[in-house]
Amino acid sequence: MSLQDDLAAVQRCLDTLVQSVERLEKQVGGGSLEIRRVRTDASHLRESLVLLAEAAPTLRPPQSRPDLVAISDDPYNSSLWTDSDDEGLGARDRRAP
């Protein structure tokens with residue numbers, strides 16, 4: 001499914017949710033805190049979906065992972081480590097404090 005198809009599917013589900021909340025509100029009564037909270041939450045979901053749909057053209061598709069680089073198991077050339085410090089020990093010709 002494309003992004004637009006998914007957004008349309010979510011919109012249909014939200015429309016069904018809002019209709020169900022309205023029916024429930026008629027059965028329970030609209031004065032209770034709980035039903036007002038559910039109605040408000042459904043309204044916030046609608047607003048969030050509108051914002052998402054507006055931002056959809058600028059959203060980037062997931063980027064593909066970079067190619068893996070094979071690292072050889074062969075030992076490194078010891079000349080690479082000439083004049084290097086041992087981590088945590090300092091230079092070879094000096095004593096650690």
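1. A salt bridge is a side-chain nitrogen of Lys or Arg within 4 Å of a carboxyl oxygen of Asp or Glu. By this rule the count comes to two salt bridges. In one of them, the side chains of aspartate 15 and arginine 46 meet with an N to O distance of 2.7 Å. Aspartate 15 lies in helix 1 (residues 3-28) and arginine 46 in helix 2, so the pair ties together parts that are 31 residues apart in sequence.

2. The model is predicted: local features need pLDDT of at least 70, side-chain atom pairs count only at pLDDT 80 or more, and totals for chains, interfaces and linings use all residues. Residues are numbered from 1 along each chain as its sequence is written, and side-chain values use heavy atoms, with hydrogens and water left out.

3. The overall architecture comes next. The protein has two helices and zero strands; helices (H or I, at least four residues) and strands (E, at least two) are DSSP runs, numbered from the N terminus. Buried residues make up 10% of the 97 residues, where buried means under 20% relative accessible area, exposed over 50%, and partly exposed in between (1.4 Å probe, protein chains only).

4. A contact means heavy atoms within 4.5 Å. Among contacts between residues at least 6 apart in sequence, 53% join residues at least 24 apart.

5. What is the span of helix 1 from its first C-alpha to its last? Helix 1 has 26 residues and reaches 37 Å, close to the 38 Å expected at 1.5 Å a residue. The expected span is 1.5 Å times one less than the number of residues in the helix. In helix 1, Leu7, Leu14, Val18, Val21 and Glu25 are buried, and what covers the buried residues of this helix includes helix 2. An α-helix has 3.6 residues a turn, so residues three or four places apart point the same way. Glycine 29 follows helix 1 and has a positive phi, near 105°.

6. Helix 2 can be described in the same terms. Helix 2 has 23 residues and reaches 33 Å from its first C-alpha to its last, close to the 33 Å expected at 1.5 Å a residue. The residues Ile35, Ala42 and Leu49 of helix 2 are buried. The cover over the buried residues of helix 2 includes helix 1.

7. Aspartate 15 counts as partly exposed because its relative accessibility is 27%. Arginine 46 is likewise partly exposed, with a relative accessible area of 33%.

8. Which residue forms a salt bridge with glutamate 25? The partner is arginine 39, whose side chain meets that of glutamate 25 at 3.0 Å, N to O. This pair links distant parts of the chain, with glutamate 25 in helix 1 and arginine 39 in helix 2, 14 residues apart. Is glutamate 25 buried or exposed? Glutamate 25 counts as buried because its relative accessible area is 18%, whereas arginine 39 is partly exposed at 35%. Not counting residues up to four places away in sequence, glutamate 25 touches Gly30, Ile35 and Arg39.

9. Alanine 56 lies in the segment after helix 2. It counts as buried because its relative accessibility is 6%. Leaving aside neighbours within four places in sequence, alanine 56 is in contact with Leu3, Gln4 and Leu7. The C-alpha atoms of alanine 56 and leucine 7 are separated by 9.2 Å, although these residues are 49 residues apart along the chain.

10. The surface holds a nonpolar patch formed by Ile71, Tyr76, Leu80 and Trp81, with about 520 Å² of accessible area together. Patches are made of residues with over 30% relative accessible area and no salt bridge: like charges are joined within 9 Å, and nonpolar side chains (Val, Leu, Ile, Met, Phe, Trp, Tyr) within 5 Å. Leucine 80 is placed in the segment after helix 2 (33-55). Leucine 80 counts as exposed because its relative accessible area is 53%.

How values were computed
Areas by Shrake-Rupley, 256 points an atom, 1.4 Å probe, with all protein chains shown as cover.
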